[in-house]
Amino acid sequence: MYIMHMKPIVFLGTSLESIRNLPPSVKREAGYELDKVQRGNQPNDWKAMPNIGSGVREIRIRLRGAWRVIYVANRDEAIYVLHAFQKKTQRTSKRDVAAIESALKELR
């Protein structure tokens with residue numbers, strides 16, 4: 001019998017609080033997409049964020065608005081969630097970038 005190894009998820013900075021504050025349908029979708037990443041698969045809609053850091057990616061969720069979950073999955077030991085937020089403009093806000101960078105420092 002084959003047992004799939006799932007990487008644990010580690011929430012850095014304020015990411016767990018950010019995810020808990022998402023609307024229920026968005027939170028459910030974020031959990032579904034993170035589960036896919038834990039199993040070694042790609043989320044349905046994602047984008048690399050090399051300008052923020054090596055291996056940083058965003059899951060894009062479009063349910064009653066645009067939402068993002070920022071994570072790092074290129075480490076062997078875990079998936080690291082850095083931040084989650086509602087995206088209201090084309091550019092990611094300075095506040096959200098600061099939260100991502102702060103969590104990334106915690107990882108390093």
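**A predicted fold seen from Ala48**

Not counting residues up to four places away in sequence, Ala48 touches Val56 and Arg57, where contact means heavy atoms within 4.5 Å. Ala48 has its place in strand β2, residues 46–48, and is partly exposed, with a relative accessible area of 40%; here buried means under 20% relative accessible area, exposed over 50%, and partly exposed in between, for a 1.4 Å probe and protein chains only. The C-alpha atoms of Ala48 and Ala103, which are 55 residues apart along the chain, are separated by 17 Å.

This is a predicted model, in which local features need pLDDT of at least 70 and side-chain atom pairs count only at pLDDT 80 or more, whereas totals for chains, interfaces and linings use all residues. Residues are numbered from 1 along each chain as its sequence is written, and side-chain values use heavy atoms, with hydrogens and water left out.

The protein has three helices and five strands, and from the N terminus on these elements follow the order β-α-α-β-β-β-β-α; helices (H or I, at least four residues) and strands (E, at least two) are DSSP runs, numbered from the N terminus. For 108 residues a compact globule would have a radius of gyration near 13 Å, and the protein, with 13 Å, agrees with this; the radius is taken over C-alpha atoms, and the globule rule is 2.2 Å times the number of residues to the power 0.38. Along its principal axes the C-alpha trace spans about 45 × 30 × 25 Å.

Turning to the interior, buried residues make up 40% of the 108 residues. A nonpolar core is a set of buried Ala, Val, Leu, Ile, Met, Phe, Trp, Tyr and Cys residues joined through side-chain atoms within 4.5 Å. The largest such core has 15 residues, of which Ile52, Val56, Ile70, Val72, Leu82 and Leu104 touch the most other members. To this core β4 (66–72), β5 (79–87) and α3 (94–107) each supply at least two residues, and the largest share, five residues, comes from α3. Leaving aside its neighbours within four places in sequence, Ile52 is in contact with Val97, Ile100 and Leu104. Apart from this core lies another, of 14 residues, among them Leu22, Leu34, Trp67 and Val69.

Among contacts between residues at least 6 apart in sequence, 44% join residues at least 24 apart.
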